[in-house]
Structures are given as structure tokens and as C-alpha cells.
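Subject: Handover of a structure

Dear colleague,

Please find below the structure that I am handing over to you. I would be grateful if you kept it open while reading the notes that come after it.

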Amino acid sequence: MRTEFIEELTRLAERDDRICLVVGDLGFGVVVDFAKRFPDRFLNVGIAEQAMTGLAAGWALSGKVVFTYSIANFPTLRCLEQIRNDACYHGANVKIVAVGGGFAYGALGATHHATEDLAVLRAMPGMRVVAPGDTVEARLATRAVADLPGPCYLRIGRAGEPTVHDAEPEFRIGRAITVREGTDVAILSTGGMLKTAVDAAELLGADGISARVVSMHTLHPIDEGAILRASAETGAVLTLEEHSIVGGLGGAVAEVLAESASGVPFRRLGTPPRFAPRVGSQEFMLRQSGLTPPAVAEAARGLLLRHAALGPLMTVPEG
Amino acid sequence: MPPTEEELAQLAELARRLRLRTMEMIRRARSSHVGSCFSMAELMAALYGGGILRIDPEDPGNPGRDRFILSKGHACAIYYAMLAERGFFPEDWLERFYSDGGELAGHATHKGVPGVEVSTGSLGHGLPIGCGMALAAKRSGMPYRTIVLLGDGECDEGTIWESALIAAQHRLDNLTVIVDFNKIQSLGHVREVLDLGDLAGKWQRFGWETREVDGHDLGQILDAMRSLPFEPGKPSCLVAHTVKGKGVSFMEDRLLWHYRTPAGEEYEAARIELEASA
């Protein structure tokens, strides 16, 4: 996704001289071309994410669209108050880009696990939180956040993510994309878990279970309509994210479902809200967290069993 | 051209008026930070009354305007008083300062307040934003200047020194920091809480061309501000040695007046003292 992001940003910058890029001394091999082509619109501030974000707000308030770029938690949690006060409160055109959301830097240790960012950023007033589901969505999301006035958070993977979409879907911030229709259970996925969701749906299909897959690429504003349709039309909802089960997609969907009083069986799949006891590659970390196609399919089956069990209880006894 | 006696007298009178108005606002609001406001009265008078800031109250969003950021946002009362004096908004807004539903919040707030460039209050935010504004001017060839007023306690924040490095690295000579060095911070004297030592020397060694002035001597202040940038190719820093609570004898250099609201006999005594200083 990193490649799609920088390619798209470079393309946008050719057409729109408001596009600027500020980095916190990261992006080796990624940002060099942009820096060479647009030296007046590039700045490496050094290892200073708080100043990076404040500076981006100041630059943006002078009429620019300023992207900040770093990895994992550095452009978000490290400078959260600058995001809140300087970017959000001023409605500044700052686009925060974090590469390696989730466990992309799994083996580097817990300091590099970005597993609370969606929850935290989603709570910032005025912030739009976007986590594209594959390489195609990453490109479209880059374009969409550049076009949308005001602060945005773009959480992307690192490299080597699979491509899910065969063609460019219609991409609008705040509007989920149904990747696969289904009637028995809905898997709502955000970020790079989309391929896992699709593969889990394939496994379920082999068992005769029809699973819908929805790419919830925007966490805030959340697409309430897509969630309520999924819940009404399938009767069971599973959320899937490379993020803590606290406050991210699972939290956002739970809020919508609870207030709708739909009462459908619902389960959040993600990482438990604790530091991982053992670290390793992204694949290892996802396996440890039960975020693999077989584990997701198993969770869906469990949800449907609950659905079946709950069924009779929910009918009013006669007499 | 050195300032004339008449100009200095006018600005001294402006500073005195600002102190009186600020104290009245704080008394009515039962708010605090009167000492933090009084230490910067002459700095505000020089910036806004001495022709340093190129701004137009009729056109506060003009892209070519100079940018002023009050990074020590808690001292907003005197800032608001100055902006009202210059006609950015009606004087009666000051009467509702810090009150329920009033236009003017207890820390510098840009929302709906003409003339306030950015909202501050959490310390250490103004200078990074100022760096961005100065960089924007450099990169787009705009001639405006950016001036950021810092508190001394605020210099404890790491973002100040991140920004100090960045501004020097990128030769932002259109950026000026003024430090209101009143020697008292939230829980005590600066030298006891977190000693800044040779503050001017620190800025100088961070690559800023730095000057020190008596922050209550309008002649020195104007002379320094009128020679900005102090050196082409370097950001400028003006360390203003000031006295917290300056202007009222029993408030001067007293930590208490970081917090205390002047009221009753104390208010009257302070008012009489300020009025007598004309």
C-alpha cells in the first residue's frame, strides 16, 4: 500500500500545487522521488513528530494540503495533541499517513505495533479515519483524502498486501464497499484484513454458508447504513480488524448495533487489548490473534450457532 | 530611526491602559494569570501599537498579513484587550471574557475571534505552527513575517526545541520568537522548577540570532523589533527580561498572582497604583 500511496500522491502533486509532504525522517526509498520532483513542497523535519504535525498545520493554514508521513504510532499517538488542537481544532488541511498499521512491523516489538490508533483517532473531533482494504483502495483513498477539505487519517499497510478488487470500485469516504454479497453472516472488515475476510467467506461458502464481506475502509464517519443493512439482511455480524478489539471497527459497529437495538449476534475479531506476549512477523502476529481465514470462518460458524440457539429464545412463548 | 519621546510616551500609556483593562476583565471573570499578562504589556503595546505587526483589523484574513501567535495562551486577556483596542472586535466582548457563552475563552481562541491567528493554551504548540507559517511564506515567496510569543515556563516543552532546530536548519529568517522571561512558572521560580540558565545563550547556540532587552523598556523593545531579522538567514529570538505582575507593586515577582483574582481592596489598590502611573 505504501507504494500505491506515494505513487498516487506524486501523481496528485503534479496536478495540484497545494499538495505538500512532510516526513519525520522516515520513508527511505519511498519519498525520495517526491522530494526531488517537488523540493518546495517537501520537508523532512527530522525525528520530531510533534513539531512535524504542528508545522503541517501552520503550513496547511496558509492554503496547502499537507500530508504528514511516518510509520506505526509515530505520526499519531506521539503527537496526538498536535493532531487534536493544531490540525482538528483549526480544521487544517492536514492528512496524517501512517505506514504499517497493525502488525506490519510485528517483529520490531510492541513499540511498533499500531493497534490502538483507529480507536484514538476516531475520537478526534473533525477527523476522518480511513483504512483502505487493499492496494486498489489505498490508491483511491489517497485521492479521496487529498480532495476532502480538513483533517484526515490514512492508515495503510506496508508492502506486499494482496489485491482484492479486480477493478476500481466506487470509493467514497464514509461509504462502505460490499465486496461480496451474502445472506447468512456479514464480515465487516477494515484495513488490510479484507483479503482474510474474503478467504474466510470462501471457506464458509464451501460449507454452504453465505457470507457477505464489506470493506469498512472508513472508520469515521462510519457507514451506519451499511452496518444496519448487513445486520438486517444477514442476521449475524462479525467485525475484523488488525487492531485492538477496543474502540476500533468493532467498537464503532457495536455502537451502531447497540443503538439500533437490532439484537443480532455480534462478535469483534481483532487483537486483545494487551501487549503481545511474544512478537514475530506480521503473519505470526495475526495467527496468534486468530486473524486467519480458518479462524475467522470458525468464529462465523460459532456466531451462527449462537444465532440458532438464540432463535427460539427470542420468540414469545404462546399462551 | 529611533523612536521619538512622544511615541514612547504613547506606547507607555497604551501599556498602562492594557494593564487596567486586563485587570478589570480578570476581576469580572474571576479568572487568573494577571501576572502573566502584566509582564508582557509593553511587548503587546510595541507589537500592535508600535507598527511592528503589519495587520489590518478591517481585513484580518489578508494572506499577506503578518502572523502573530500568542503561544502562552493563558495570557490571553491582555491579547484580547489589545485586539479590541485595535478594533478587531467590539470592546464589549471584553466584558464577557471567560463567561458562560461569551465570545472570548480563557485561553487564546481563534474560533469566531478576528485577529487571533491560532488557538493555544496547551503550551509548546505555537512555535511548530509558526514554523509552518514561516516555511509557507518562504516556499511561496510571500513577504509576511511570523512572530511567536513564548512564556519562559513554556520553554520546558520539548516541541520548543524541536522547532528551534527546524527553524535554524531551514533558515527561517522570517520567523521571530519573543520570550517573555518573567522568571516565574506555574509552581515556582523558573530557576527552582527547571532552570533555563542562560536562556539567550541557548537560543543563540540553537542557531537563532538572539538579543536581550529589558522587556519593560519600550525604547529597547522597539529598537530590537525594528531591526528584525537580526541576521539574514537565521531566525531571530528576542529574550525579554520581564517582571511577573509588572506595574502593581504587590504583584511584582509574586507567584501568587499567577493564579489570584484581584478583587475588593486589592483590586482598588492596584487600580489606584496603575492610574497614578500615568
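This is a predicted model: local features need pLDDT of at least 70, side-chain atom pairs count only at pLDDT 80 or more; totals for chains, interfaces and linings use all residues.

Residues are numbered from 1 along each chain as its sequence is written, and chains are lettered from A and ligands numbered from 1 in the order in which they are written.

**The sheet of chain B**

Helices (H or I, at least four residues) and strands (E, at least two) are DSSP runs, numbered from the N terminus. Two strands pair if DSSP finds at least two bridges between them. In chain B, five strands form an open sheet with parallel pairing, in the order β1-β2-β3-β7-β6. Its edge strands, β1 (67-70) and β6 (209-214), each pair on one side only. On average, neighbouring strands of this sheet are turned by 20° against each other, direction ignored; axes are lines fitted to C-alpha atoms (for helices over the stretch in contact), and angles run from 0 to 180 degrees between N-to-C directions.

Strand β3 (residues 175-181) of chain B runs parallel to β7 (residues 236-241) of chain B, and six bridges join them. B:I178, for example, has B:L238 in β7(B) as its bridge partner. Helix α6 (residues 126-140) of chain B lies across β1, β2 (146-151) and β3 of chain B, at about 170° to β2(B).

**The domain record of chain A**

An unreviewed UniProt entry places the feature "domain: Transketolase-like pyrimidine-binding" at residues 1-163 of chain A; such annotations may be inferred rather than shown by experiment. This span is 37% helix and 18% strand, and its end C-alpha atoms lie 10 Å apart.

**Where the chains meet**

Two residues are in contact if their C-beta atoms, placed from the backbone, lie within 7 Å. By this rule, 19 residues of chain B are in contact with 22 residues of chain A. On the side of chain B that touches chain A, α6(B) gives the most, with nine residues.

How do α3(A) and α6(B) pack? Helix α3 (residues 49-60) of chain A and α6(B) have axes 6 Å apart, at an angle of about 50°. The two helices are therefore oblique to each other, as angles under 35 degrees count as roughly parallel, over 145 as roughly antiparallel, 65 to 115 as roughly perpendicular and the rest as oblique.

Yours sincerely
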